[in-house]
Amino acid sequence: MKYYLIAGEASGDLHGANLMKALKEGDAQAEFRFFGGDLMRAEGGTLIKHYADMAFMGFVEVIANLPAILKNLSFCKSDILAWQPDVLILIDFPGFNLKIAEFAKKNNLMVCYYISPKVWAWNPKRVLKIKRIVDHMFCILPFEVDFYKQWGMEVDYVGNPLLDAKAGFNPLPDFYNISKLSPEKKIIALLPGSRKQEISYLLPEMLKASENFPDRQFVIAGAPSFDIAFYNRFLGEKKIPVLFNMTYDLLNNSEAAIVASGTATLETALFHVPQVVVYKGNNISITIARIVIKIRFISLVNLIMDSAVVKELIQQECNPKNIADEVDLLINDKNYRSRMLDNYNKLDERMGKPGASGRTATLIVKYLQKK
């Protein structure tokens, strides 16, 4: 079978790669063509567009980059028609992928959506459109099944693919030598995101907060789509190391973490690393988001647990003093730290078992056979 996949950010590249690996196990003749990243490319097939050229965050930023986005959409549509896949697999990235889903449906292609758009947060009525243009939705958050059911749409809950990624993680036996970090100092991980815009907003605040902890070593998890020169623009004279393609090893050896809102917050929790979640962006974009988004929390950890398990610092609250105060609690207040770790144990129970990629691949192949 011919599988066309679209992932528009680093997390989608990770989940797309694991899904491709599982699809190959169920379909020895699988052919892949995709928008994605280096992890998907490693699984074989043809990478058409790298997510580094597609990831724009915020309302203002999207408008500013509209010509590039429209060009990518047009190119993607033409490429899909030319290749004529058996199925289109869309991975998160709703601003782009829902437009492609509508196009594909009009052209009689099967549309599978892996990792539901967060319509429960910003526009529940969009489900009515999704029902028309998506043949099969595969959800990874437990509460999404009931949400879709309220709108008359049956979906498949497959579990969370981050559990697959963590289950497949093999810790480096000589992490400190390979990373050239000191085993004498405890590590605070900095995860400022994978997009240029969010890193530009968040990393300077993280770096200023780090100045309050001379007895700790702060380490940046570098996004694979950037190089050290990009991070050096923010670091200046600061001697803070940047580790590429070692995020899980970094978390596995960290005492605490400062994490950009997104998939990384859940990954950090699954590694049982106490964290503070931060988010900052263009003022106009944030103002619009606060009007449009109808949820109590922004981090996946808090959303899944439906309670304030981790502290969220958003926009004006995301400043060096507040970040430093929270890090101080995470590393020095034993009761505060213990409560967070206890909640992480409850999160583990709620998340269930690994196998999301395999379950999703099995269902896609089954649905294709029924076509």
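Predicted model: local features only at pLDDT ≥ 70, side-chain atom pairs only at ≥ 80, totals over all residues.
1. A crossing of two helices is right-handed if the near helix is turned clockwise from the far one by less than a right angle. By that rule, the crossing of H11 and H12 is right-handed.

2. H11 covers residues 196-210 and H12 covers residues 228-235. Their axes come within 10 Å and cross at roughly 45°. The two helices are therefore oblique to each other. On the H11 side, the contact uses Lys196, Ile199, Ser200, Leu203, Pro204 and Leu207. On the H12 side, Phe230, Tyr231, Arg233, Phe234 and Leu235 take part. By class, the contact has eight nonpolar residues, one polar and two charged.

3. H11 has another partner, H17, made of residues 320-332. Here the axes come within 8 Å, with a crossing of roughly 55°. H11 and H17 are therefore oblique to each other. Their crossing is right-handed. Glu205, Met206, Lys208 and Ala209 of H11 meet Pro320, Ile323 and Ala324 of H17. Five of the contact residues are nonpolar, none is polar and two are charged.

4. How do H17 and H18 cross? H18 spans residues 334-351, and its axis comes within 6 Å of that of H17, at roughly 85°. An angle from 65 to 115 degrees counts as roughly perpendicular, so H17 is roughly perpendicular to H18. Glu326, Leu329, Leu330, Ile331 and Asn332 are the H17 residues in this contact. They face Lys334, Tyr336, Arg337 and Met340 of H18.

5. Now the core. In soluble globular proteins, nonpolar side chains tend to be buried together. In this model, the largest nonpolar core holds 133 residues. Which of them touch the most other members? They are Tyr3, Leu5, Ile6, Ile89, Tyr114 and Tyr148. Helix H19, residues 356-369, gives the largest share of this core, with seven residues.

6. Ile6 deserves a look of its own. Beyond its neighbours within four places in sequence, Ile6 contacts Phe35, Cys76, Ile80, Leu88 and Ile89, among others. Its list also includes Leu90, Ile91, Phe96, Asn97 and Ile100. One of these partners, Ile89, is itself among the core residues that touch the most other members.

7. Is Val278 buried or exposed? Val278 lies in strand E12, residues 275-279. Its relative accessibility is 1%. Buried means under 20%, so Val278 counts as buried. Not counting residues up to four places away in sequence, Val278 touches Leu202, Met206, Ile258, Val259, Ala260, Ser261, Leu313, Cys318 and Ile323. Val278 and Asp13 are 265 residues apart in sequence, and their C-alpha atoms are 23 Å apart in space.

8. Last, Thr265. This residue sits in helix H14, residues 263-270. Thr265 has a relative accessible area of 0% and is therefore buried. Leaving aside neighbours within four places in sequence, its contacts are Val259, Ala260, Gln275, Val277, Ser299, Leu300 and Val301. Val259 and Ala260 are also touched by Val278.

Notes
Residues numbered from 1 in each chain as written. Heavy atoms only, no water. Axes fitted to C-alpha atoms, helices over the stretch in contact; angles between N-to-C directions. Helix = DSSP H or I, 4+ residues; strand = E, 2+ residues; numbered from the N terminus. Parallel < 35°, antiparallel > 145°, perpendicular 65-115°, else oblique. Contact = heavy atoms within 4.5 Å. Nonpolar A, V, L, I, M, F, W, Y, C, P; charged D, E, K, R; others polar. Core = buried A, V, L, I, M, F, W, Y, C linked by side-chain atoms within 4.5 Å. Buried < 20%, exposed > 50% of the residue type's maximum accessible area, 1.4 Å probe, protein only.
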